[in-house]
Amino acid sequence: MLATLRTDNSPFNEREIELLRHSLGALDVSQSQWLSGYLAGRLPSLETAETQSTTVPALTILFGSETGNGEAIATRLANQLNQTGIKTTLESMGQFRVASLKKLEQVVFVISTHGEGDPPEEALELFDYLQAERAPELPRLNYRILALGDQSYEHFCLAGQILDQRLRQLGATAVDERIDCDVDYHRQATRFTETVVSWAEEHLNRAEPVAPVLSLVPTTANWNRQSPYAAEVLRVQRITGDGSVKDIHHLEISLEGAGLEYLPGDSLGVWARNDSTVVDALISGLGLAPDIPVRLEGEKSDLISALTRHRELTRLTEQTIRQFAQSSNQGALGDHFNGLSRAKRRQFIESRQLLDLVEEYPANIAAQDLVDLLRPLAPRSYSIASSRSLVDDEVHLTVATLNSNAIGRQRTGVASGQLNQRLQSGDRISVFVEPNRRFRLPDDPEAPVIMIAAGTGIAPFRAFMQDLEATGAHRNTWLIFGNPSLRTDFIYQREWLNWRKTGLLNRIDAAWSRDGVHKHYVQHVVCEQIERLDRWLSRGAHVYLCGSLAMGRDVLGSLQSSIATLPAGTADSAAETVKQLGRTGRLHKDLY
């Protein structure tokens with residue numbers, strides 16, 4: 001019976017069907033008969049509950065979030081609406097029954113974009129449903145969209161754009177224009193929330209206020225993105241060897257007395273400051289004075305403070321480059337950039353910082369114009385490399401120095417440069433925890449874990465193993481790790497080999513890209529180990545990917561193509577297998 005259970009012939013979504021198969025498949029005949037009778041005896045009450053649950057809510061909020069930011073925004077909106085008496089339903093797109101969309105009249109979508117313009121994993125089923133030929137017309141649906149993204153990536157808020165376009169094609173009505181938010185989303189999200197609440201109070205029926213919705217994204221203490229904790233740095237140590245092409249450091253930071261909690265899989269947000277030497281060179285290169293008064297979001301400041309603490313100098317966007325060229329009357333820059341192909345423009349953006357533009361294309365610009373065209377400085381996010389169960393009131397990070405040298409000048413990233421090169425023991429850095437419930441160890445203690453990482457992507461897996469060690473938990477674990485060289489780049493080598501020796505880590509496969517005649521990467525290991533991977537997946541293994549977007553794309557591509565080569569495998573069945581991993585919550589990605 002369960003073999004024929006599908007989303008189109010049952011009231012269950014993909015994840016619920018997978019859970020049913022896992023749970024009911026283990027029952028013997030007598031247990032199945034007893035459960036059947038038990039459910040039959042409850043049918044009257046179930047029918048009553050179903051009748052009561054078919055009442056359409058006044059407003060539904062659906063969120064698709066990868067790191068938890070979208071979920072937090074959606075939860076705050078739901079709480080404000082509930083407090084005003086507006087009947088509101090809050091659901092993850094992954095838990096939402098897509099077929100019920102045609103019954104709804106008022107929906108707010110909060111959707112983030114990840115990877116190369118992709119929607120989050122939990123939104124894939126909804127996107128597939130809307131794009132399918134059987135997608136229903138939605139003439140009753142009125143909607144709003146808040147899209148989250150990052151302008152430094154090529155496909156800014158593309159998932160929100162695709163959702164908006166498809167809903168319009170299906171006859172739905174946009175109540176307002178879509179709001180596309182950059183990494184500094186707080187102000188726009190607040191205005192969006194205020195607009196929705198104000199409209200709902202005027203147009204929707206109100207009842208008694210209800211209790212607040214508890215977010216699935218936990219909050220810790222009073223420290224957050226807007227109010228970070230000034231944490232003491234305990235240790236900064238380079239962990240790549242002499243001669244390595246990478247500069248990776250291990251940092252230990254104290255959280256003692258802060259009340260901050262985190263779990264393996266979470267990230268640490270870091271508010272860094274721009275390097276003073278870069279700020280000085282920028283101001284000097286533009287012929288400005290550091291104490292020129294400017295305004296930031298209506299507040300008074302001076303130029304050097306604005307550029308040091310509040311403006312993005314190391315990440316460019318197409319918009320920033322074009323506005324700089326226009327405001328500084330630097331036609332040569334504008335002509336050169338606009339004449340590049342799309343791929344070359346992307347390469348130009350990713351390899352340069354603002355100071356490179358100023359030195360390569362000397363220009364004059366007013367201080368206020370400079371401040372206005374630059375994006376607000378945003379915090380950087382790092383996967384936590386430790387478990388509280390083992391390190392107590394500390395948090396550990398694994399940070400690679402981001403280097404560039406587009407015009408013969410060595411540049412570093414704003415946060416990686418400060419963390420690795422300018423911080424010392426005893427210094428303080430502003431931090432906050434970014435919970436990520438989508439990158440947790442499986443709830444099922446028997447589920448195997450396959451961890452695939454390149455470079456600093458190994459960080460959260462160190463946290464996983466520390467947690468298993470501290471709690472005494474036992475599950476099958478497998479690490480597939482890639483970096484340039486065994487001699488210089490086996491990060492945390494002693495720890496991983498010790499876990500392998502004690503049996504806490506069942507298997508480790510490494511890919512050293514520069515140690516052989518041919519390049520060898522983690523995606524090649526996936527191809528080589530596909531039969532073993534298939535056996536682990538058949539036992540319910542969860543797959544975790546951490547590293548660059550390109551690495552994640554290559555690994556998933558190799559996994560899919562390799563599954564197709566297995567006995568009875570086909571291209572279509574392999575694609576469906578990988579999709580099912582995401583839909584059932586067994587594929588976890590932390591890519592950047």
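These are my notebook entries on a predicted model of a single chain.

**Entry 1: the whole chain**

I began with the overall counts. The chain holds 23 helices and 21 strands. Of its 592 residues, 49% are buried. I then looked at the contacts with a separation of 6 or more, and 77% of them join residues 24 or more positions apart. For the surface I noted an accessible area of about 27,900 Å², with carbon and sulfur atoms contributing 49% of it.

**Entry 2: α22 and α23**

Next I went to helix α22, residues 549-563, and helix α23, residues 571-583. How do their axes cross, and at roughly what angle? They come within 8 Å of each other and cross at roughly 135°. An angle of that value makes α22 oblique to α23. I put the crossing down as right-handed.

I listed the residues that make this contact. From α22 they are L556, L559, Q560 and I563. From α23 they are A574, A575, T577, V578 and L581. Sorted by class, I get 7 nonpolar and 2 polar residues, with no charged ones.

A reminder to myself while reading such lists: an α-helix has 3.6 residues a turn, so residues three or four places apart point the same way.

**Entry 3: α8 and α9**

I turned to another helix pair, α8 (residues 276-285) and α9. Their axes come within 10 Å and cross at roughly 135°. That makes α8 oblique to α9. The crossing is right-handed.

Which residues meet here? On the α8 side I found V279, D280, L282 and I283. On the α9 side I found L303, I304, L307 and T308. The classes in this contact are 6 nonpolar, 1 polar and 1 charged.

**Entry 4: L303, in α9**

L303 belongs to helix α9, which covers residues 303-310. Is L303 buried or exposed? L303 is buried, because its relative accessible area is 0%, and the cut-off for buried is under 20%.

I then asked what surrounds L303. Setting aside residues up to four places away in sequence, L303 touches I283, L288, A289, P290, I292, V294, A367 and V371. I checked one of these, A289, by distance: A289 and L303 are 14 residues apart in sequence, and their C-alpha atoms are 7.7 Å apart.

Helix α10 (residues 318-327) and helix α11 (residues 331-338) were next on my list. Their axes come within 8 Å and cross at roughly 145°. In α10 the residues that meet the partner helix are E318, I321, R322, F324 and A325. In α11 they are L333, G334, F337 and N338. I counted this contact by class too: 5 nonpolar, 2 polar and 2 charged.

I also stopped at N329, which sits in the loop between α10 and α11. Its phi is near 55°, a positive value in a residue other than glycine. N329 counts as exposed, because its relative accessibility is 70%.

**Entry 5: D392**

While on backbone angles, I looked up D392. D392 is not a glycine, yet its phi is positive, at about 60°. I placed D392 in the loop between α15 (388-391) and β13 (394-400).

**Entry 6: M93**

I ended with M93, in the loop between β2 (88-92) and β3 (106-112). M93 counts as buried, because its relative accessibility is 0%.

What is M93 in contact with, once neighbours within four places in sequence are left aside? I wrote down L62, F63, G64, F109, V110, I111, E122, A123 and L126. For F63 I also took the spacing: F63 and M93 are 30 residues apart along the chain, while their C-alpha atoms are separated by 5.7 Å.

How values were computed:
Residues are numbered from 1 along each chain as its sequence is written. This is a predicted model: local features need pLDDT of at least 70, side-chain atom pairs count only at pLDDT 80 or more; totals for chains, interfaces and linings use all residues. Side-chain values use heavy atoms; hydrogens and water are left out. Helices (H or I, at least four residues) and strands (E, at least two) are DSSP runs, numbered from the N terminus. Buried means under 20% relative accessible area, exposed over 50%, partly exposed in between (1.4 Å probe, protein chains only). Contact means heavy atoms within 4.5 Å. Accessible areas come from the Shrake-Rupley method with a 1.4 Å probe; for residues, only the protein chains shown count as cover. Axes are lines fitted to C-alpha atoms, for helices over the stretch in contact, and angles run from 0 to 180 degrees between N-to-C directions. Angles under 35 degrees count as roughly parallel, over 145 as roughly antiparallel, 65 to 115 as roughly perpendicular and the rest as oblique. A crossing is left-handed if the near helix is turned anticlockwise from the far one by less than a right angle, and right-handed if clockwise. Ala, Val, Leu, Ile, Met, Phe, Trp, Tyr, Cys and Pro count as nonpolar, Asp, Glu, Lys and Arg as charged, and the others, Gly among them, as polar.
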